Amino acid sequence: MKWKKVMATTMAAVMLVANLSACGNSENSAKDTATDKTGTTTDTSSGSSTASSGDVQEITWMFWDDLNATEDLISLGYKDTVERFNKDYEGVYHVTPITTNLEEYYTKLNALVAAGETPDVFIVSPGPNLTTYVDPGVAADLTDYVKADGWLDTFNGGEGAFSQQTYDGKIYAVPLNIAAACVFYNTEMFEAAGISEMPTDWNGMIDACEKLQSAGYTPITISAGTAWCLSMLAGYLCDAEGADLSKIADGSASWLDAPFVNAANKMVELSKYFQPTAAGDTNDVATANFYNEKAAMLIQGSWAIGQINGANPDFESKCGVFAFPGTNGRVIAKSDSLAMSSATKNPEACIAFMKYFTDDTAQKYTAEVGGKIPVTKVEYDESLAPAQLPYVMDVFGKASSTFGFYNESLASTEAGSTFDDAMVSIYLGTPVEEGLQVVEDFYKDNVWK
């Protein structure tokens with residue numbers, strides 16, 4: 001297909017630009033970290049002192065959070081996984097994390113790929129984002145590894161658990177958890193505003209926002225400074241309006257059709273209830289606004305539970321969850337996934353490390369502490385799980401179907417970025433049709449040829 005050629009070309013360009021823009025050194029900020037030529041931090045504090053032995057198989061793992069500074073409970077669970085692996089395989093295998101932040105993650109990963117220094121294992125999102133690493137052969141085929149030694153049988157749904165990580169019948173990544181995008185809300189603020197029932201449609205959502213605003217609360221906190229947060233909301237609105245991405249993919253629908261125009265107009269309408277600083281707020285700041293009780297609602301994924309509860313444990317008891325209204329039960333779902341470099345010199349060490357993320361210890365932690373849905377058949381104590389998890393499980397269990405992030409469901413990562421940027425532009429004041437025309441023009445020039 002032509003869009004695959006586009007992705008390959010885009011990947012090469014992105015990697016070249018990233019490599020050129022990230023070649024400056026940064027001064028180390030802590031004695032237990034080192035910064036490479038891409039500006040990415042390598043955590044040298046994990047593991048044993050025997051790791052430098054020539055008999056040890058050394059590997060690297062790249063992640064989008066600082067494991068030594070984070071309060072995010074999922075990230076802390078990943079840190080524990082690294083430490084368990086290094087301890088259990090002391091003198092045999094050793095992994096060194098390479099960490100950055102979410103906003104810069106793919107720029108720095110692509111710079112390492114372009115420099116021929118691809119991390120042995122790296123976290124990635126499924127969909128076109130993963131395809132970006134599959135098409136040029138950066139990501140290794142994991143099919144035989146996954147199907148060996150009964151590993152596949154530990155996953156819920158068997159091969160079905162890998163549907164978003166499979167291309168042309170081959171598995172290229174391993175899912176670590178399942179998360180659903182939903183609406184978090186402050187139960188005390190809702191009660192004070194006289195909202196007794198959660199919104200189930202668009203009119204109910206606007207009514208709730210009006211009541212919250214009249215009661216003196218900021219109804220919604222969201223990040224437009226981190227574009228995917230705003231485009232996640234836009235994706236829900238597009239889906240609720242009946243947008244069909246399969247028709248966009250084959251050119252039988254236009255980005256200027258009514259579903260997309262109506263969705264963008266609704267996003268603008270809803271933006272009247274955002275915090276005043278939404279345009280510049282990062283995802284972390286927007287989320288902090290919620291758990292610090294500066295806003296009543298946060299439109300985000302259940303992956304935020306770990307961040308909310310880690311930063312403000314006392315807030316857990318007043319944090320409710322409901323499905324984004326008006327989507328006929330459809331829910332945005334995704335998972336963190338791990339890919340392996342096709343150029344790694346130590347695939348056995350990589351696979352052993354990846355298995356630690358899906359073992360019972362890690363998966364129990366995923367549910368009982370992190371608040372995400374496990375991908376394996378592990379049994380966990382529901383009484384220990386975050387208070388929000390049962391609500392998320394209910395939302396997920398009642399879902400009529402699931403779909404992915406819009407920016408991860410389009411023809412390429414560049415197409416996704418174009419959609420993201422268009423949504424931010426419209427939010428900032430660009431007329432709806434003019435903003436959507438940018439996406440339309442990209443598809444005419446790159447996808448529908």
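Reader: Under which relative accessible area does a residue count as buried, and how many residues of helix 11 are buried in this predicted model?
Author: Buried means under 20% relative accessible area. The model is a predicted one. Helix 11 spans residues 283-291 and is mostly covered. Of its nine residues, the number buried is seven.

Reader: Which residues of helix 11 are buried, and what covers them?
Author: The buried set consists of Asn-283, Ala-286, Thr-287, Ala-288, Asn-289, Phe-290 and Tyr-291. Their cover includes strand 9, strand 10 (220-221), strand 11 (297-301) and strand 12, together with helix 8 and helix 12 (304-311).

Reader: Which residue with positive phi follows helix 11, and which follows helix 14?
Author: After helix 11, phi is positive at Glu-293, near 65 degrees. After helix 14, phi is positive, near 80 degrees, and the residue is Gly-371.

Reader: What covers the buried residues of helix 14?
Author: Helix 14 covers residues 360-370, and Ala-362, Gln-363, Thr-366, Ala-367, Glu-368 and Gly-370 are buried there. The elements over these buried residues include helix 2 (73-88), helix 12, helix 13 (347-357) and helix 15 (389-397).

Reader: Why are helix 8 and helix 16 roughly perpendicular to each other?
Author: The axes of helix 8 (residues 227-240) and helix 16 (residues 413-427) come within 9 Å. Angles of 65 to 115 degrees count as roughly perpendicular. Helix 8 and helix 16 are therefore placed in that class, as their axes cross at roughly 90 degrees.

Reader: Which residues of helix 16 does helix 8 meet, and how do the residues of this contact divide?
Author: From helix 8, the contact draws on Ala-227, Trp-228, Leu-230, Ser-231, Ala-234 and Cys-238. Their counterparts in helix 16 are Phe-419, Asp-420, Met-423, Val-424 and Tyr-427. The contact residues divide into nine nonpolar, one polar and one charged.

Reader: Which residue of strand 12 is the bridge partner of Tyr-185?
Author: Strand 12 pairs with strand 9 (residues 179-186) in the antiparallel sense, over four bridges. In strand 12 (residues 319-322), Cys-319 and Val-321 point one way, Gly-320 and Phe-322 point the other way, and all are buried. The bridge partner of Tyr-185 is Gly-320.

Reader: Is Asp-336 buried or exposed, and which residues is it in contact with beyond its neighbours within four places in sequence?
Author: Asp-336 lies in the loop between strand 13 (330-334) and strand 14 (337-340). Because its relative accessibility is 9%, Asp-336 counts as buried. Apart from neighbours within four places in sequence, Asp-336 is in contact with Trp-64, Tyr-78, Ile-123, Val-124, Val-174, Pro-175, Leu-176, Asn-177 and Lys-372.

Notes:
Residues are numbered from 1 along each chain as its sequence is written. This is a predicted model: local features need pLDDT of at least 70, side-chain atom pairs count only at pLDDT 80 or more; totals for chains, interfaces and linings use all residues. Side-chain values use heavy atoms; hydrogens and water are left out. Axes are lines fitted to C-alpha atoms, for helices over the stretch in contact, and angles run from 0 to 180 degrees between N-to-C directions. Helices (H or I, at least four residues) and strands (E, at least two) are DSSP runs, numbered from the N terminus. Angles under 35 degrees count as roughly parallel, over 145 as roughly antiparallel, 65 to 115 as roughly perpendicular and the rest as oblique. Contact means heavy atoms within 4.5 Å. Ala, Val, Leu, Ile, Met, Phe, Trp, Tyr, Cys and Pro count as nonpolar, Asp, Glu, Lys and Arg as charged, and the others, Gly among them, as polar. Buried means under 20% relative accessible area, exposed over 50%, partly exposed in between (1.4 Å probe, protein chains only). Two strands pair if DSSP finds at least two bridges between them.
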